[in-house]
Amino acid sequence: METFDFSYFDRGIDRVGTDCEKWDFLRLREGADVLPMWVADMDFPSPPAVSEALVRRAQHATYGYTEPIDADFTSVIDFWQRHHGLTLTKEEITLLPCVVTGLRMGVRTMTQPGDSVIIQPPVYGPFFASIRDNGRQIVENPLLHSGDRWEMEFDGLENCLRGGAKLLLLCNPHNPVGRAWDVDELTRVVELCARYGAKIVCDEIHADFVFTPKRHVPILSIPGAEHVAISLAAASKTFNVAGLKQAVMFAKDEAMRAAIVQEMTACGVVSGNQFALVGTRACYLHGDAWLAGLKEYLKASREIVYDFIRERLPHIGVSELEATYLMWLDCRSLGVSGEELRRRTIKGAGVALTDGEFFGTQGEGFLRLNIGCPHAQLREALARLEKALKKD
Ligand SMILES: Cc1ncc(COP(=O)(O)O)c(C=O)c1O
């Protein structure tokens, strides 16, 4: 039986020629020599039980209409109870094609056109688009940055709510700054939103990557949250199966859930691709040992980056990584534009990170480094980054 120790993750997997965005799309755009450390998936094979389940299903050569079965719900329920201590029932779970669909459905059902929706940038780019594309107003309550740590700005949040904002799109853990919000912070957010009659859509896609001693705090575990918040989650980041397109919404409030389900029906948003169901179920049922190994490996990856930056690029800031495999590098001391950072990294040094501006104007002068890859690849990327980001 395969064990998921460092040597397993060190082997990685060659993804070139699989139509993957991270490697193949970048090669088309920038050429074959650029090392991809950008889009948020990992250069590791998914748990063996997942590919075995998919192959078994594919070998049965009929692919007609499918319905989710009980195990599609119980496997999620048991996983979230086991890993995060959250108790859910089948009725509280709705299948979605992806988490971004859930953000958009939340905006459409919890606000009216023209309403204000709060986000806390720098934050994952589609948070902006989910609001803008639906004719709502973006209200920004930027995170505060002190040293290598990011915090929520509660006075600013209250001002936005006092100004009439109807919804907060919350990211927990927060991509790209790597914070796993704690109980006190989440309690304050829930209390504030409840006081002003606003709702919360909480994106918890990175929930399974919170590194000890921290733990993931599900929004729905906060007292009072069940009538204020819904949560979005997936196996996609955790087990490297984003291409299957499968996610879940947890909603304890029946009215909120019914409104979203009605909007999904009206828009023809359906879920349940049979490979997505089979693969996701296998992740939740059989992925624990693989995930435990992965988290140990990523903790070591994080240390490799901290050490490298301290020794070789001390003028670059790096946020404390409590969660996710995405590290947020502060390159503002170089005093160059985002365009120049892109040129220096991709053209000048052959390494592609995600532009800070993808996360809003607050991301200017920052780069996001994806460390979900074998250590040898990470070390090579860091050597190239040194060339790109060294001080003249
Ligand atoms: C915070 C966050 N939400 C959502 C997504 C995308 O999720 P999905 O592919 O399920 O829409 C990502 C991917 O990077 C993410 O970081």
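Where does the ligand sit? In this predicted model, the ligand sits in the largest pocket. A pocket is an open set of points on a 1 Å grid over the protein atoms alone, where a 1.4 Å probe fits, with protein on both sides within 12 Å along at least five of seven lines; a molecule sits in it if more than half of its atoms lie within 2 Å of its grid points. Residues are numbered from 1 along each chain as its sequence is written. Local features need pLDDT of at least 70 and side-chain atom pairs pLDDT 80 or more, whereas totals for chains, interfaces and linings use all residues, and side-chain values rest on heavy atoms, without hydrogens and water.

A polar backbone atom of Val99 is 2.8 Å from an oxygen atom of the ligand, and a backbone N or O atom of Val100 lies 3.0 Å from a ligand oxygen atom. A nitrogen atom of the ligand is 2.5 Å from a polar side-chain atom of Asp203. The protein buries 92% of the 400 Å² that the ligand exposes when taken alone (Shrake-Rupley method, 1.4 Å probe).

The domain assignment, automatic or from a database, gives domain 1 (6–48 + 288–389) and domain 2 (70–286). Their centres, taken over C-alpha atoms, are 25 Å apart. Contact between them (heavy atoms within 4.5 Å) takes 33 residues from domain 1 and 36 residues from domain 2.

Key. Polar contact = N/O pair within 3.5 Å; in protein donor to acceptor, adjacent residues only side chain to side chain. 1 Å grid on protein atoms, 1.4 Å probe; cavity = no way out; pocket = protein on both sides within 12 Å on 5 of 7 lines; lining within 4 Å.
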